[in-house]
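Subject: Structure handover

Hello,

Here is the structure I promised to pass on. My notes follow below it.

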Amino acid sequence: MKAVKITDNVYWVGVIDWDLRNFHGYLTQRGSTYNAYLIIDEKITLIDNVKYYLYDEMIERISSVIDPTKIDYIIQNHVEMDHSSSLPMLMKLIPNAKIYTSPNGEKGLRMHYKQDWNFHAVQSGEKLSLGKRSIQFVLTPMVHWPDNMVSWCEEDKILFSNDAFGQHIASSERFDDEFPANIVLEEARKYYANIVLPYGKQVQSVLKTASTLDIKTICPSHGLIWKKHIPEIINEYVKWSSNQAEEKAVIIYDTMWKSTEKMAQAIREAFEQINIPVHMSNLQCNHISDIMTELITAKYICVGSPTLNNNILPTVSAFLTYMKGLAPKDRYGLAFGSYGWGGQSIGIVDNILKECGFTTMDMIRLQYIPTTEQLNEITQQLIPQIKEIM
Ligand code: FEO
């Protein structure tokens with residue numbers, strides 16, 4: 001396994017996790033990579049590292065360029081263990097290497113690994129000379145942990161962005177111009193929706209800094225390296241971080257005896273009759289992380305659950321908990337569902353949508369099996385409400 005050259009003396013030495021399918025609840029159907037980068041200069045520098053169980057692969061790639069014991073500096077842009085859990089093994093190999101990280105990075109690494117390594121906590125804007133080139137650090141707290149920072153190499157025009165601009169894709173291709181652009185952008189969207197979404201304000205401040213740089217390459221810590229599609233991904237981040245919703249509806253539901261499903265279809269009909277695109281997400285066959293990708297720009301979020309034991313179905317509960325944590329903003333919510341006698345589920349969903357900060361539309365609840373007339377009524381009563389919002 002070999003390193004991949006990015007520019008003269010800058011290499012990708014990361015690893016490919018072909019088998020990864022679950023990243024703390026996020027369905028990673030295309031696997032992922034943990035990207036580490038090696039800079040050969042007067043000071044040999046490694047930027048980030050990889051999940052511990054792929055340490056040997058990283059060392060093999062570094063060894064294809066240089067003896068790993070010659071590494072002088074480690075730049076640790078982020079503490080999370082997908083980028084740091086090789087450190088205990090690596091530091092046995094290079095115990096005198098200096099670790100450059102943010103103040104919260106030092107704190108986090110000490111708490112994770114209980115080691116008194118040779119840390120240097122950097123300030124935002126601080127520059128580190130490696131010889132012919134330098135690295136400037138920009139602290140980016142809460143994109144998406146308190147310790148995050150990015151590293152900028154002015155001489156090579158490379159932004160080492162860590163989690164920002166990442167995508168969970170395992171591939172033998174390394175650069176975005178070698179891979180179908182629609183897939184890279186789709187996976188970047190999924191990554192943003194499931195990891196970065198709560199931190200829009202912080203992302204905007206990173207984008208402000210990025211706009212002052214003449215970036216030729218973005219090296220994220222997951223997936224493909226951006227070279228060709230930098231303007232596109234920056235534009236998407238601008239849109240996502242500002243919660244720009246479109247005239248689009250996502251209808252998320254589970255159903256016991258198909259009555260709530262029939263209601264979901266009647267709601268779909270209302271949106272379609274006024275030419276608003278709709279995405280249907282039955283929770284029995286859609287993963288919550290894929291639903292987040294769909295709703296990241298949807299203005300209307302409709303959630304349906306029948307009543308089970310005076311409550312909502314567990315699938316709906318899991319989805320609402322997940323969505324609430326990711327905190328999409330400035331949306332319209334609609335609760336609906338069928339019930340037998342109690343009918344509590346619809347009010348429970350409505351309350352959670354309100355807790356999410358959504359403006360809620362009139363709840364829709366029907367007892368037992370809806371008739372065709374009742375379904376038509378749902379459609380016809382909903383249309384004027386939507387038109388008022390549009
Ligand atoms: Fe890819 Fe926050 O770790």
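I start with the cavity lining. By class, the residues around the largest cavity are five nonpolar, four polar and one charged. Keep in mind that this is a predicted model.

Which residues line the largest cavity? They are Thr140, Val143, Asn148, Met149, Val150, Ser161, Asn162, Asp163, Ala164 and Val206. Two elements, strand 14 (149–153) and strand 15 (158–162), each give two or more residues to this lining. The space inside comes to about 40 Å³. The count of cavities of 30 Å³ or more is one.

Next, the domains. The protein is split into domain 1 (4–241) and domain 2 (247–389). Their centres, taken over C-alpha atoms, are 38 Å apart. Domain 1 puts 15 residues into the contact, and domain 2 puts in 14 residues.

Now the packing. The largest nonpolar core holds 89 residues. Leu38, Leu295, Phe319, Leu320 and Met323 have the most contacts inside this core. Helix 5 (residues 181–196) supplies the largest share, seven residues. Where does this core lie relative to the two domains? Domain 1 (4–241) and domain 2 (247–389) both contribute residues, so the core lies between them. A separate core has 24 residues, including Tyr253, Met263, Ile274 and Ile386. As a general point, nonpolar side chains in soluble globular proteins tend to be buried together.

Leu295 deserves a look on your screen. Leaving out residues up to four places away in sequence, Leu295 touches Val250, Ile252, Ile301, Phe319, Met323, Pro328 and Arg331. Two of these partners, Phe319 and Met323, are also listed among the residues with the most contacts inside the largest core.

Leu295 is also one of the buried residues of helix 9. How many of the eight residues of helix 9 (residues 288–295) are buried? Six are, and the helix is mostly covered. The buried residues are Ile288, Ser289, Ile291, Met292, Thr293 and Leu295. They pack against strand 5 (26–27), helix 5, strand 17 (246–253), strand 18 (278–282), strand 19 (298–304) and helix 10 (314–326). Helix 5, one of those packing partners, is also the element with the largest share of the 89-residue core.

Over to you.

Best wishes

Key: Residues numbered from 1 in each chain as written. Predicted model: local features only at pLDDT ≥ 70, side-chain atom pairs only at ≥ 80, totals over all residues. Heavy atoms only, no water. Core = buried A, V, L, I, M, F, W, Y, C linked by side-chain atoms within 4.5 Å. Buried < 20%, exposed > 50% of the residue type's maximum accessible area, 1.4 Å probe, protein only. Helix = DSSP H or I, 4+ residues; strand = E, 2+ residues; numbered from the N terminus. Domains from an automatic or database assignment. Contact = heavy atoms within 4.5 Å. 1 Å grid on protein atoms, 1.4 Å probe; cavity = no way out; pocket = protein on both sides within 12 Å on 5 of 7 lines; lining within 4 Å. Points joined across faces, edges and corners; volume = space filled by probe spheres on them. Nonpolar A, V, L, I, M, F, W, Y, C, P; charged D, E, K, R; others polar.
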